Amino acid sequence: MESRRDFLKTAATGAALLGAESKLGLARVLNQHAQPGKSKVVIARDASLHEAGASLDEKRVLALLDRAITAYTGRAHPAEAWKSIVPASFISGGKVIGLKTNGLGGKGISTHLVLVLAIAERLQQIGVKPGNILVWDRNARDLEACGLTINTDPSRLRCYGSDVAGYEAQPVAFGTANVRLSKILTRECAMVINLPILKEHDLAGVTFAMKNMYGVVQRPNELHANGCNPGVADLNCVPAIREKVRFTIGDALTSVYDGGPGFHPERLWYPNALIVGEDRVAVDHTAWQMLDRKRVEVGFETLEAAGRPPRYIATAADAAHHLGVNDSQRIHLMEV
Amino acid sequence: MIFRSHWKWAFAVLVMAAVVAVPGCKKKNADPYPASGAIAGWQKTSDTRVFAAKDLWQYIDGDAEQYLAAGVVSTATSDYKYQGQLEATVDVYTMKDAAGARKILESGQTGDASRVQLGDAGIAYAQSIIFRKGPFLVRIVAFETTPDSAQALLALAHGVEAKL
């Protein structure tokens, strides 16, 4: 862990060393903002952001987002930071940027509307047209649980689910995952920013960045065997997910440390944090540690002791999946 | 005469079957949701949605497995609002038998729950109430807390229980 000042000294060097282009001409290097050999994860906190039962302050959430993104990218200004996350060609080319929320748990434990709007605001400030921002999830119910309103009008910020867009008729496969993907992912979005919400999960142990991809397939319940392992890892290796879902802004403003993924108000907790990064495995590993610390603090067993460690995280990091790193020594964790 | 006798027997069997079946059918088809205003302060704010066991993942993906393992037959859900402020969701799980409802209630119970007199057994937390009655498992969850939310939730729970 290091201070923000220390990070700013090293970030430019790291960024300069990385920058390869893929066959599609898109930046494909995992963790372009990290030190060489490490995956970067930023936890940004505002301890007094969210008191129990109180509504979130929009300006403070925007400020927290800015702090997270500028720290992650090493850029001083939010607009510059966002320009280093969203390729210029996507902005000038009118490509659609998807924001994949998570409203499965209902309105008590879903991606916060104020966070979605803050991200949309920053995207528009770097030139993304409102209609080229598409907030999406499985269906209208999930989106409405976040406080969003369905809108398909391309002149405004768009918001609709896979229940409107449909799923591909042809399944795609990787390992145990044989899935029909949402057309929003395959046909509409050039890039997706993943906006999961941190929850304990009765089967998987933890649901956050990688598990949120269950919301992009038609029948996620078919990937639940064996604690969602290797289902989660396999699913994230499906090319459209691996390549298009490039960045995670994890919502840990509110969380449930037990009883998830549904809403259990008696297990609600307010970490008041955002967890951001390009390496989805490192983000999930970091979130797992945070969740376990809370469980121990309130007298619960760790997820390992409770018999449901999120084994899919290690699977995602293995040689067969190579989605990122789950070794704390190789995660450049920065808390701001 | 023989035919007539058989007809009488067949009719008698049908009547007996209906008498036996009605309570079960009534339970399965009963609408457990109090209408707006039936419980003081509570308005029903959504249509009731019903999920068969095979489709439960569409409602509670990730949570569905524990209910399936306990023998859930169907799940109904509806939203309510108390005095225009406190929002709550009422889920009614119809299990195959009372043992299934008991299994879910007991597995979700932790030391900080308080017991409430509802149905066959019930527990309450600050923002939620869970109780079972026969094959039914009811979970009522509020999304906020207000000074009178605990009492309001209990009143709603009694309203649901009375309709089961």
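## Close-up views of a predicted two-chain model

**View 1. A:Cys146 sits in a loop of chain A.** The loop that holds A:Cys146 runs between α6 (140–145) and β4 (158–159) of chain A. Helices (H or I, at least four residues) and strands (E, at least two) are DSSP runs, numbered from the N terminus. This is a predicted model: local features need pLDDT of at least 70, side-chain atom pairs count only at pLDDT 80 or more, and totals for chains, interfaces and linings use all residues. Residues are numbered from 1 along each chain as its sequence is written, while chains are lettered from A and ligands numbered from 1 in the order in which they are written.

Is A:Cys146 buried or exposed? A:Cys146 counts as buried, because it has 23 C-beta neighbours inside 10 Å. A residue is buried if 20 or more other C-beta atoms lie within 10 Å of its own, exposed if 12 or fewer, and partly exposed in between; C-beta atoms are placed from the backbone. Leaving aside residues up to four places away in sequence, A:Cys146 touches A:Thr101, A:Gly103, A:Ser110, A:Thr111, A:Leu113 and A:Val116. Two residues are in contact if their C-beta atoms, placed from the backbone, lie within 7 Å. A:Val116 is 30 residues from A:Cys146 in sequence, and their C-alpha atoms are 9.1 Å apart.

View 2. Helix α2(A) covers residues 58–73, 16 residues in total. Its first and last C-alpha atoms are 22 Å apart, close to the 22 Å expected at 1.5 Å a residue. The expected span is 1.5 Å times one less than the number of residues. Buried residues of α2(A) include A:Val61, A:Leu64, A:Leu65 and A:Ala68. A:Tyr72 and A:Thr73 are also among them. Just after α2(A) comes A:Gly74, with a positive phi of about 80 degrees.

**View 3. Helix α12 of chain A is largely enclosed.** Helix α12(A) spans residues 280–297 and has 18 residues. It reaches 26 Å from first C-alpha to last, close to the expected 26 Å. Why is α12(A) largely enclosed by the rest of the structure? Because 13 of its 18 residues are buried. A:Gly299 follows α12(A), and its phi is positive, near 90 degrees.

View 4. Most residues other than glycine have a negative phi, and most peptide bonds are trans. The bond from A:Asn229 to A:Pro230 is cis, with omega near 10 degrees. A:Pro230 lies in the loop between α9 (225–228) and α10 (231–237) of chain A. A:Gly260 and A:Pro261 are also joined by a cis bond, with omega about 10 degrees. The loop of A:Pro261 runs between β10 (245–256) and β11 (268–269) of chain A.

View 5. A:His322 is not a glycine, yet its phi is near 50 degrees. It is found between α13 (312–317) and β13 (331–335) of chain A, in a loop. With 14 C-beta neighbours inside 10 Å, A:His322 counts as partly exposed. B:Gln83 has a positive phi of about 50 degrees. Its loop lies between β3 (72–82) and β4 (86–95) of chain B. B:Gln83 is exposed, with 12 other C-beta atoms within 10 Å.
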